[in-house]
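Open the model in your viewer and keep the selection tool at hand. This tour tells you what to pick next.

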Amino acid sequence: MLWVLLGLMVVETSVVHLLVALWSPRAALVLSLLSLAMIGWFILFIQSFRHHPVRIGPDALVWPVGTLRSLSIPWPQVAGPCDDWTLADLKAAGLFNGALVAHPNIVIALDPPAKAGRRTIRYLAHRLDGPVAFKAAFDLRHLHPGPFASSVSRSG
């Protein structure tokens with residue numbers, strides 16, 4: 001989904017640069033350099049999802065959004081996966097959505113809620129490549145809370 005957004009960014013900035021070039025070639029050059037830097041950063045950000053997966057650790061559930069931000073939730077605070085949810089209800093209740101522009105395919109409830117700055121987070125959501133594998137690893141962690149670590153990758 002993020003790759004589609006990147007494609008739209010490239011098309012839109014190309015059109016804007018062509019229109020600005022008719023007005024001022026120097027302004028178009030400056031905009032082009034800024035746009036190339038932004039597109040380069042966005043590509044690196046999309047690739048960071050592979051290098052920073054959701055991790056089921058021995059002490060906490062680590063819920064990153066690439067290199068942008070991350071939440072580490074201690075296991076006693078994790079209530080479990082939610083099967084019956086709507087995105088609107090989750091957003092109203094306090095959602096940390098790691099899926100960004102994609103629709104999440106896994107939601108985890110927190111009890112008690114976590115704090116992220118001034119926000120209260122009651123649910124974690126993400127778009128995982130292997131939601132079934134994540135649920136199996138998550139269930140295994142709940143059945144055997146000993147030393148265990150796993151990671152599940154996400155698509156960008």
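Leaving aside its neighbours within four places in sequence, which residues is threonine 13 in contact with? Select threonine 13 and look: Ser35, Met38 and Ile39 are in contact with it (contact means heavy atoms within 4.5 Å). Threonine 13 sits in helix α1, residues 2-23. Helices (H or I, at least four residues) and strands (E, at least two) are DSSP runs, numbered from the N terminus. Threonine 13 is buried, at 17% relative accessibility. Buried means under 20% relative accessible area, exposed over 50%, and partly exposed in between, with a 1.4 Å probe and protein chains only.

A note on the model: it is predicted, local features need pLDDT of at least 70, side-chain atom pairs count only at pLDDT 80 or more, and totals for chains, interfaces and linings use all residues. Residues are numbered from 1 along each chain as its sequence is written, and side-chain values use heavy atoms, leaving out hydrogens and water.

Next, the salt bridges (a side-chain nitrogen of Lys or Arg within 4 Å of a carboxyl oxygen of Asp or Glu). The count is two.

Select arginine 50 and aspartate 129. Their side chains form a salt bridge, 2.6 Å from N to O. Arginine 50 belongs to helix α2 (25-51) and aspartate 129 to the loop between β7 (119-126) and α4 (131-143), so the pair ties together parts 79 residues apart in sequence. Arginine 50 is partly exposed at 49%, and aspartate 129 is partly exposed at 37%.

Now pick aspartate 83 and lysine 135. Their closest N and O atoms are 3.7 Å apart in a salt bridge. Aspartate 83 is in the loop between β4 (78-81) and α3 (87-93), and lysine 135 is in helix α4, so this pair links parts 52 residues apart in sequence. Aspartate 83 is exposed at 66%; lysine 135 is partly exposed at 30%.
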